[in-house]
Every structure is written in structure tokens, then in C-alpha cells.
Amino acid sequence: MRTHFPFFITAVTCIALLSCNSNEPAEVNTVKAAEPALDKQWAGSFLDSMNSKFSKQVSAGDSVALASLYWPDAELLLDNSDVVKGKDIVHAWGAAIRMGLKEMTFSTTDITGSPAFIIETGKYEMKDGKRSILDQGKYVVVWEKRNGEWKLYRDIGCTSLPPAK
């Protein structure tokens with residue numbers, strides 16, 4: 001039994017040393033360059049300006065100008081409808097205007113994002129020419145910056161009104 005004892009100790013020591021040396025690389029303390037943060041004050045001013053522009057274009061009945069605020073690969077996702085993509089966005093806003101939409105207001109409730117994307121959450125209200133409420137609800141939009149220009153990439157709206165009976 002004594003002749004096996006040194007072999008046993010050597011084997012246990014080797015196993016212990018090998019198990020401590022994993023194949024995983026050692027953790028290296030590196031400092032990553034932090035991604036620049038979204039300037040929320042600037043983003044708030046930008047969104048106020050764009051929402052005002054959007055409202056003016058609705059009041060003017062200009063679906064072409066409204067559609068120009070969206071990227072060609074943008075998607076409009078609204079209640080009770082299929083996804084509206086790209087060039088069909090002009091038709092969606094044109095239909096809303098022909099159905100009597102004359103006024104649309106926005107109230108931003110949250111802003112987050114990065115230098116390339118702004119995610120805006122808020123509430124909207126739509127009125128007709130007599131200032132009667134057509135719809136009110138909440139929205140999430142994603143603004144994307146490409147080649148120095150900001151446009152809508154995703155526009156998701158959800159009514160807060162009960163279903164019509």
C-alpha cells in the first residue's frame with residue numbers, strides 16, 4: 001500500500017492543477033470606449049419640432065409630406081390593420097385624411113435611445129374638422145438616423161378608445 005501512496009499523491013496533485021487551468025482565456029481588464037449617450041434635451045427639442053411638423057402636415061392634408069418623414073423601409077403598425085410598409089404609408093395617411101382627419105396632436109411621455117436611434121413613447125389625439133375626437137391613444141415610434149438625417153423607422157399606434165358597438 002505504501003508503494004502506491006506517492007503515485008496517488010502525484011495523480012491527485014496533477015488533477016488538481018489541471019482542473020485549475022481551464023481552457024477559457026483569463027479575464028482581462030479592458031476599458032471599452034463607451035458609446036456616446038443620447039442627448040435627451042436635444043432629443044426632446046427635436047421630437048417637439050418633428051411632432052409639430054407632423055401636426056401641420058396633417059392639418060394641411062398633405063399625405064405626401066407625411067410619408068416623406070418615413071424611411072423607405074419604414075413600417076406603420078396600427079390597430080386592426082396589416083403592417084403598412086414603405087410607399088404604402090402615403091396611402092394610409094391619405095385615407096385617414098379623406099376620412100376626416102384634420103388635427104393630430106402628440107404628447108411625448110418618454111425618450112430613450114442612442115446617437116443612431118430615438119425611441120419615443122407618448123399619447124396622441126386625432127380630431128376632425130369640427131374638433132370632435134376621432135381617436136386617442138398611445139404610440140411608440142423609432143426614429144433612425146441615416147447619413148445625418150432623422151426619419152421614422154417604425155411607427156406603432158394603439159387606440160385607447162373602446163371598440164365601436
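Leaving aside neighbours within four places in sequence, serine 55 is in contact (heavy atoms within 4.5 Å) with Met104, Thr105 and Phe106. Serine 55 belongs to helix α2 (residues 40-59) and is buried, its relative accessible area being 16%. Buried stands for under 20% relative accessible area, exposed for over 50%, and partly exposed for values in between (1.4 Å probe, protein chains only). Helices (H or I, at least four residues) and strands (E, at least two) are DSSP runs, numbered from the N terminus.

The model is predicted: local features need pLDDT of at least 70, side-chain atom pairs count only at pLDDT 80 or more, and totals for chains, interfaces and linings use all residues. Residues are numbered from 1 along each chain as its sequence is written, and side-chain values use heavy atoms, with hydrogens and water left out. The chain has a mean pLDDT (the predictor's confidence in each residue, from 0 to 100) of 86, and 79% of its residues reach 70 or more. Where pLDDT is low, the predicted coordinates should not be read in detail.

Two strands pair if DSSP finds at least two bridges between them; β1 (residues 70-77) and β2 run antiparallel and are joined by 2 bridges.

In α4 (residues 88-98), the buried residues are Ile89, Trp93, Gly94, Ala96 and Ile97. They lie on the same side of α4, because they cover an arc of only 160° around the axis, taken from the directions from the helix axis to the C-beta atoms. His91 and Arg98, on the other side of α4, are exposed.

The structure holds 6 salt bridges, each a side-chain nitrogen of Lys or Arg within 4 Å of a carboxyl oxygen of Asp or Glu. One of them joins arginine 146 and aspartate 73 (2.8 Å, N to O). Arginine 146 is in strand β5 and aspartate 73 in strand β1, so the pair ties together parts 73 residues apart in sequence. Arginine 146 also forms a salt bridge with glutamate 144, the closest N and O atoms being 2.8 Å apart. Glutamate 144 is buried, at 13% relative accessibility. Salt bridges that share partners join Asp73, Glu144 and Arg146 into one network.
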